[in-house]
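Please read the following briefing alongside the sequence and the 3D structure.

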Amino acid sequence: MNLNAIGKTLSIAALLAAVGAAQAQEVVRLGNLKFAHYGAVSYIKEIAPKCGIKVEERVFAKGLDVMQGIIAGELDVGTTASEAAISGRASGAPIFVVAGFAKGGARLVGRADLKLKSVKDLKGKKVGVTRGGIQEVLLLAELQQAGLSASDQPGKDVQLIYLAYADLNQALLGKNIDAMMNSEPQSSQSINKGYGNEILKPYDTPIGEPIRTMVMTEKFYKEKRPLAEKFMRCFVEATKTFIEQPAVAEKYVRETVFKGQISKDDFDDAIGNSPYSYDITPEHIQITTDVMFKTGVGRMSKPPAAREWVKTDLLDAAKKSLGVK
């Protein structure tokens, strides 16, 4: 082989290597949670190829774990309830809130045999909740509004029992707790299976319906802008599909996300209480931050100002390009 041929071969190899490297960079590392209302975010990876990207999803037990993944440099995008994003930012996590992918998603459920009807009925009771979750924020806000004190130690009006999301239903069924503030679809499952009854949906606090947040690392948002734009368009398209085609959403969440572990009624009730959405505002994040600070959730010494880290320009552009209002 002459030198010219060798040179051409090397040039082609270099070009192919460069193309391969460019394609390898089109990967988005996504941290997500296993809940019904997080389903549209999971669906992004299914349609990612037609968006011109590849999405690698990792599923975590809770939002604070997603934040740890971001801090460790293992994720580009993460989904959490707002309180984990706020706590993360307050702790120095380099993140921006870029969208709101679901709202609601919480329910105060009592043991069916106790027939609890209001928050005030929780006096003297044990109430289960996941520590640090938006459900804890909402529970403490509801208890404050009702004039009830609470602690995980005996002696207050309400004794808090901290458990993982997956363990709350079992504790209610086993009568180890009297009530729980849980997420979806777990709270709907407890009601549909007959051992829980709804006390209320906790949306009458200043927070209103809590909005689940999608966050991006500052580095991804600033330094990989074209890829971030593609990802956001893919998110809007996945969410639009789930909103406009409920049968697609139900099939994907029940069969792919939950592997047949939840019923049609569980899914319908869960999404009825936690509909898919797109939007988030600095005002909502600021109110949630203020309530967290007031109730002591997250133990923030310096709460972050929402206007400094809620960035919806990528979302606005993606919605406009896909004709979503």
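Which residue stands opposite Met180 in β9? Val109 does, and Gly128 also stands opposite Met180. This is a predicted model, in which local features need pLDDT of at least 70 and side-chain atom pairs count only at pLDDT 80 or more, while totals for chains, interfaces and linings use all residues. Residues are numbered from 1 along each chain as its sequence is written, and side-chain values use heavy atoms, with hydrogens and water left out.

**Strand β9**
- Strands here are DSSP runs of E with at least two residues, and helices are runs of H or I with at least four, numbered from the N terminus.
- Strand β5 (residues 107–111) runs antiparallel to β9 and is joined to it by four bridges, whereas β6 (residues 126–129) pairs with β9 in the parallel sense over two bridges; pairing requires at least two DSSP bridges.
- From β9 (residues 179–182), Ala179 and Met181 point one way and Met180 and Asn182 the other, and all are buried (under 20% relative accessible area, 1.4 Å probe, protein chains only).

**Helix contact**
- Helices α2 (residues 39–51) and α10 (residues 246–257) pack at an angle of about 85°, with their axes 10 Å apart.

Terms used
Buried means under 20% relative accessible area, exposed over 50%, partly exposed in between (1.4 Å probe, protein chains only). Axes are lines fitted to C-alpha atoms, for helices over the stretch in contact, and angles run from 0 to 180 degrees between N-to-C directions.
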